[in-house]
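Please look over the structure shown here before reading the notes. They are arranged by topic.

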Amino acid sequence: MSLKDFLKQLNLADPSKVKVRYNERRNSLQVSIDGIVYYDIIPRRPFPFSRPHFIIFTTKEGEEICMVKDYRKLDKKSKGNLERILEKIYFVPRITKIKKIKYYRGEHHWEVSTNKGECSFITRGRSSISRLPDGRIVLQDVHDNVYEIRPWELDKKSLEKLELVL
Amino acid sequence: MEKAELDEPPDSQIERFLDKGESILFKFKSDLKEDGTFGERLLVITNKRVLTYTPSTDHLESYEIDKIREIKVFDYLGNGELELELIDGRAISLIRFTRVKTADFRKAATLIEEIAVKGIRIEETAVKELEAEQEKYGKLAKRYVMVKLLKFLKPCWHLGVATFILSLLAVGLGLVPPYLMKILIDEALGQNNVQLLIQSSLCLIGVYFFAMVVGVARRYLLAYMGEKIIYAIRTQLFEHVQRLSLGFHDKYGSGRLISRITDDTSRINWFLTWGVQSFIISILQMVGIGMVVFTMNPSLALFALLPVPFVFLGITYFRKKAGRVYHKAWRRWADLSSLLVDTIPGIIVVKAFSQEEKHIKRFTSLLSEVVRANLETVKLRLEIFPLLGFVTSVGSVLIWWLGGLKVVSGEITLGMLTAFVSYMWQFYGPVNTISTLIEPLQTAITSGERIFELLESKPEVEEGNDAVDFEIEGHIKFENVYFGYEPYVYVLQGVNFEVKPGEVVGIVGPSGSGKTTLTKLLLRFYNPDKGRILIDGVDIRRIKLNSLRRQIGIVLQDPVLFSGTIAENISYGVMNAEPEEIIAAAKAAHAHDFIMKFPTAYDTYVGERGSRLSGGERQRIAIARVILTNPRILVLDEATSSVDTITERQIQAALNNLVKGRTTIVIAHRLSTIKNADKIIVINRGQIVEVGKHEELLARNGLYKRLWQAQFEEKERAKREKIQLA
């Protein structure tokens, strides 16, 4: 089978036909596609960093309902509802200032300010720091929490500290 | 490869044994005589006979070509033998040779086989080709390497000139202070001239300052130039290595290639910048100082320079010996660390067999050897340097003594004597530099040789000018294909088969039978030695390499992933793949579900060579990668052999998705995977022995049946054993 056949099976939805509502009682989404309504839906990002606007809707059990290539093309209300839950599922604080990076026994101890407030965390080894093609940097700490850095948004002193660990 | 000396000994030695109309085709020289002692023996192939001749004993043996039934090569320990089997059934030990000559005599055997057994007529051109091939392995002359190395300086010659001028300035400035010293002592102090004292002191400060500025500028320029040169060499090397054929990579091994790009280039960089410059500067300094002291006072100059030859010889001696001693110390240290690398990760086995004592003993004994080797290096230093120090000190005392006498007699001034002594001390700088330069200079030249060997080797697989770019439909045909990784040692011998578009063909055979080699030839990683491979009726040598390889997908037994994200690895073969295409490919490869389990899904980093994924996961990503490129022809090389049964089933499902509608060649170890193939080709020792469908082959009672039974029995036995355990 060629790639085209596999693409047909993907269930890629037309964003204009997808409506997303937030179901407060169930703490999940209610998605209607072409008039058919699915309850208890959760969005997943297959490419959380490289293509954050690509969404797969699944049930809470993980069964895939459909995919939207760019959720920014949804209507405004749907987009807002979706973003509300995405904010929770993908908690990736963006580091705005690096106060201190201390190296101790193979671990880096970070003290930073983020768009979600002050925090400190520990990373281990170079593999916990990855650079995305667009220049962003993603940190994964020892507990698998994830932080994002946009180096061009940092002040000079923070950058100097960052350079030392890259 | 050892170069076979074709020219000697003179042909006349053998020619006297030749009949009329008989001419020499090939000659090979062995290093073992018929009695098994070292010595020269010749194997000569003519158009009528095969002769062996030992010059020292004048012993000749000859066999008619049409009496030879077979020729065999035997590899023994430390030597090998060619054996002739004659038509009358006699087996004759034709010639023996040490392993140095193995490649030559394999070639000889092939040639004898072709001429005598197969009756192929050898053309003159073949002889020329053989010579040309041997020519290729000739070494580059050292002089040549130097010139070539210096050519790398050409693009930044202006920088070179600038640093050279700065170097001259530095040398000149170095000569000034002792002279000013002389003025200071004789004219300022000697004549109580305070004005002159201040002037010359300021002058000295000025000179030292200027020397510092020149030194900094020179060092920076040198480093800058070095970086520029090494950048050029490394990019050139890397580009070249990427383009070279797989055969070259096989021959070199990745470790050696990497070290050429990193270590060898660093050494050359050092040579081109510091090496050349310090050599020139040191010579200039020696000449400059020599001239100054000889014009000042020739007889005193002679005394001053008396210790120089001793110092030079001493340092050269040290260098020479130090190389050996330090290398020994380094070897001992390497032994020790390899012991650590062995025992610490293997601690579970050490403990299980309670062998701690044994390892501790080995460690202490190795450690004491390290200590001994280290002490040896210290001893060597103590042997030479204190003595050299003493000699030079005595030299300077002699100058004070003899010079002092001259000062007392009024022949020279006190200032001049002081200047003399300080010039003498300055002289040892360049002497030391030159003697320490010799050894690194040699290693730089060796590095240069290695780099040029790499740069000058041409890809064996080259694209012809008339190569075409076309859409493959998927018809494959091997026509009488011969191939060997080493010349004349064939891995494939006369392979013929055909695959129709959309067919699935399984290739089976014992390991080492040449299965993987088939696929490597199809992708044109190598060219067949003889015969040809056709795709849709076109010789693959006439298809553009890019076009060919893009349309053939390959899934290897041990898939290679690159460090990067899963998405990047899946879209490796395609520029700008759409995200939904990546997902579709992953789904088809049964990889989507496990990928989505990672919190960062497709943006998850796979680690170096995919180390953060399991074998089965890597395998499925490799399959997705191939699905995305949508190839017309598919090669699956034992894709399921390294995983457990459940993963195998998933991979098999993924592969079934992939195979539909494509010409597929499956190389399988587990015969169950190819049971349903349209055609199964059984290969043994580089030759096709059976072709047919599964049932047909089973009915035939041949190699396939034996392989099948072996696997079947193994499974049955495993089952039985499981039951017994239960």
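The model is predicted. Helix α6 of chain B takes in residues 194–243, and strand β10 of chain B takes in residues 504–508.

**Helix α6 of chain B**

- The 50 residues of α6(B) should span 74 Å at 1.5 Å a residue, and the end C-alpha atoms are 73 Å apart, so the two values agree.
- Buried positions in α6(B) are B:S200, B:R218, B:L221, B:L222, B:M225, B:G226, B:I229 and B:I233.
- An α-helix has 3.6 residues a turn, so residues three or four places apart point the same way.
- The cover over the buried residues of α6(B) includes α5 (157–189) and α8 (254–296) of chain B.

**Packing of α6 against α8**

- The axes of α6(B) and α8(B) lie 9 Å apart, and the two helices pack at an angle of about 150°.
- Angles over 145 degrees count as roughly antiparallel, and α6(B) and α8(B) are therefore roughly antiparallel to each other.
- Their crossing is right-handed.
- On the α6(B) side, the residues that meet α8(B) include B:L222, B:M225, B:G226, B:I229 and B:I233.
- On the α8(B) side, the residues in this contact include B:L257, B:R260, B:I261, B:I268, B:L272 and B:W274.

**Strand β10 and its two partners**

- Five of the five residues of β10(B) are buried.
- B:V504, B:G506 and B:V508 point one way from β10(B), B:V505 and B:I507 point the other way, and all are buried.
- In a regular strand the side chains alternate between the two faces of the sheet.
- β10(B) pairs in the parallel sense with β15 (residues 663–667) of chain B over four bridges, and B:I507 has B:I667 as its bridge partner there.
- β10(B) also runs parallel to β16 (residues 679–684) of chain B, joined by four bridges, with B:G506 opposite B:I680.

- β1 (residues 24–32) and β2 (residues 38–46) of chain B run antiparallel and are joined by seven bridges; B:F28 stands opposite B:L43.
- The hairpin of β1(B) and β2(B) has five residues between the strands, and B:G36 takes a positive phi near 85° in this hairpin.
- β2(B) pairs in the antiparallel sense with β3 (residues 49–54) of chain B over four bridges, where B:V44 has B:L51 as its bridge partner.

Methods. Residues are numbered from 1 along each chain as its sequence is written. Chains are lettered from A and ligands numbered from 1 in the order in which they are written. This is a predicted model: local features need pLDDT of at least 70, side-chain atom pairs count only at pLDDT 80 or more; totals for chains, interfaces and linings use all residues. The expected span of a helix is 1.5 Å times one less than its number of residues. A residue is buried if 20 or more other C-beta atoms lie within 10 Å of its own, exposed if 12 or fewer, and partly exposed in between; C-beta atoms are placed from the backbone. Two residues are in contact if their C-beta atoms, placed from the backbone, lie within 7 Å. Two strands pair if DSSP finds at least two bridges between them. Axes are lines fitted to C-alpha atoms, for helices over the stretch in contact, and angles run from 0 to 180 degrees between N-to-C directions. Angles under 35 degrees count as roughly parallel, over 145 as roughly antiparallel, 65 to 115 as roughly perpendicular and the rest as oblique. A crossing is left-handed if the near helix is turned anticlockwise from the far one by less than a right angle, and right-handed if clockwise.
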